[in-house]
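Please open the model in a viewer and keep the selection panel at hand. The tour below moves from the whole chain to individual side chains.

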Amino acid sequence: MRHSRLPVLASIIGIGLTAALGVAPAAAAPAAPAVGTGSPASYAAYERSKENAAANRAFFEAVTASVAAKRAAQPGVLAVTVRYSTRNAPSFRTQIARSTQIWNGSVANVKLQEVTSGGDFQYYEGNDSRGSYASTDGHGRGYIFLDYRQNQQYDSTRVTSHETGHVLGLPDRYSGPCSELMSGGGPGPSCTNAYPNSTERARVDQLWRNGIAAAQNR
């Protein structure tokens with residue numbers, strides 16, 4: 001759950017939790033504190049960094065562009081559907097299904113739906129010293145990578161739900177309390193909350209309802 005460096009044409013966010021959206025897991029140097037070693041002060045310092053701000057902005061713009069494209073393809077639809085595949089993350093299908101249930105029950109203007117192939121983004125699993133993260137190619141597609149070790153140290157459903165929050169347009173806020181999903185690894189491994197709070201829910205609904213006009217008028 002952390003942000004990492006921005007590769008060319010891609011934005012990667014992350015616990016601390018990280019976020020990504022259509023290519024295979026990429027190699028990028030860690031920027032946020034390593035999982036299990038970060039202190040509240042180190043998470044707070046990273047949250048205030050220019051690198052974190054740039055990653056948040058790039059990911060937000062990618063999600064907004066995706067919203068515009070989906071709305072244009074589905075004019076008048078009440079909720080945009082974002083499709084994903086778990087084919088490359090079989091060990092986490094239960095956590096992913098729970099995360100989908102949490103988000104679909106929390107917001108109204110976007111819905112997550114599993115598909116057997118293709119989709120707007122993919123889940124992957126494996127080992128990565130940077131922990132779990134999400135990445136976007138800047139064109140509304142990408143992936144979420146779930147790290148084995150991190151998912152053993154932290155509540156796995158919280159990790160998955162947090163990373164999915166990036167796909168829906170939310171930035172990291174490591175300094176937040178456990179009740180804030182996007183605080184990621186900031187509150188420490190004892191935090192097991194996997195639900196977005198009211199502010200986070202409202203932000204996602206606002207983006208997927210009103211973010212389109214801003215994207216189309218840029």
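Please note that the model is a predicted one.

**The whole chain**

Begin with a cartoon of the protein chain, coloured by secondary structure. Six helices and six strands make up its secondary structure. Followed from the N terminus, the elements come in the order β-α-α-β-α-β-β-β-β-α-α-α. Of the 218 residues in the protein chain, 56% are buried.

**The disulfide**

Now select Cys178 and Cys191 and display their side chains. The two cysteines form a disulfide, with 2.1 Å between their sulfur atoms. The count of disulfides comes to one. Both Cys178 and Cys191 lie in the loop between H5 and H6, so the pair ties together parts that are 13 residues apart in sequence. Look along the S-S bond of Cys178 and Cys191: the torsion is about 90 degrees, so this disulfide is right-handed. Are the two partners buried or exposed? Cys178 counts as partly exposed because its relative accessibility is 29%, whereas Cys191, at 3%, counts as buried.

**Ser183**

Stay in this region and select Ser183. The residue is placed in the loop between helix H5 (156–167) and helix H6 (198–216). Its relative accessibility is 0%, and Ser183 therefore counts as buried. Which backbone atom does the side chain of Ser183 reach? It is the backbone oxygen of Pro177, at 2.9 Å. Leaving aside residues up to four places away in sequence, Ser183 touches Arg158, Arg173, Tyr174, Gly176, Pro177 and Cys178.

**Aromatic pairs**

Next, display the aromatic rings. The whole structure holds seven aromatic pairs. Select Tyr84 and Tyr123: their ring centres are 5.4 Å apart and their planes stand at 85 degrees, so the pair is edge-to-face. Distant parts of the chain are linked here, since Tyr84 belongs to strand S2 (residues 80–88) and Tyr123 to strand S4 (residues 121–126), 39 residues apart. Tyr84 is buried, with a relative accessible area of 3%. Tyr123 is buried as well, with a relative accessible area of 0%.

Move on to Phe92 and Tyr148, an aromatic pair that is stacked. The distance is 6.1 Å centre to centre, with 15 degrees between the planes. Phe92 lies in the loop between S2 and helix H3 (93–104), and Tyr148 lies in helix H4 (residues 148–153), so the pair ties together parts that are 56 residues apart in sequence. Phe92 has a relative accessible area of 5% and is therefore buried. Tyr148, by contrast, is partly exposed, with a relative accessible area of 30%.

For the last stop, select Tyr124, Tyr133, Tyr143 and Phe145 together. What do these four residues form? They make up one aromatic cluster.

Technical notes
Residues numbered from 1 in each chain as written. Predicted model: local features only at pLDDT ≥ 70, side-chain atom pairs only at ≥ 80, totals over all residues. Heavy atoms only, no water. Helix = DSSP H or I, 4+ residues; strand = E, 2+ residues; numbered from the N terminus. Buried < 20%, exposed > 50% of the residue type's maximum accessible area, 1.4 Å probe, protein only. Polar contact = N/O pair within 3.5 Å; in protein donor to acceptor, adjacent residues only side chain to side chain. Contact = heavy atoms within 4.5 Å. Disulfide = S-S within 2.5 Å. Phe/Tyr/Trp six-rings, centres within 6.5 Å; stacked < 30°, edge-to-face > 60°.
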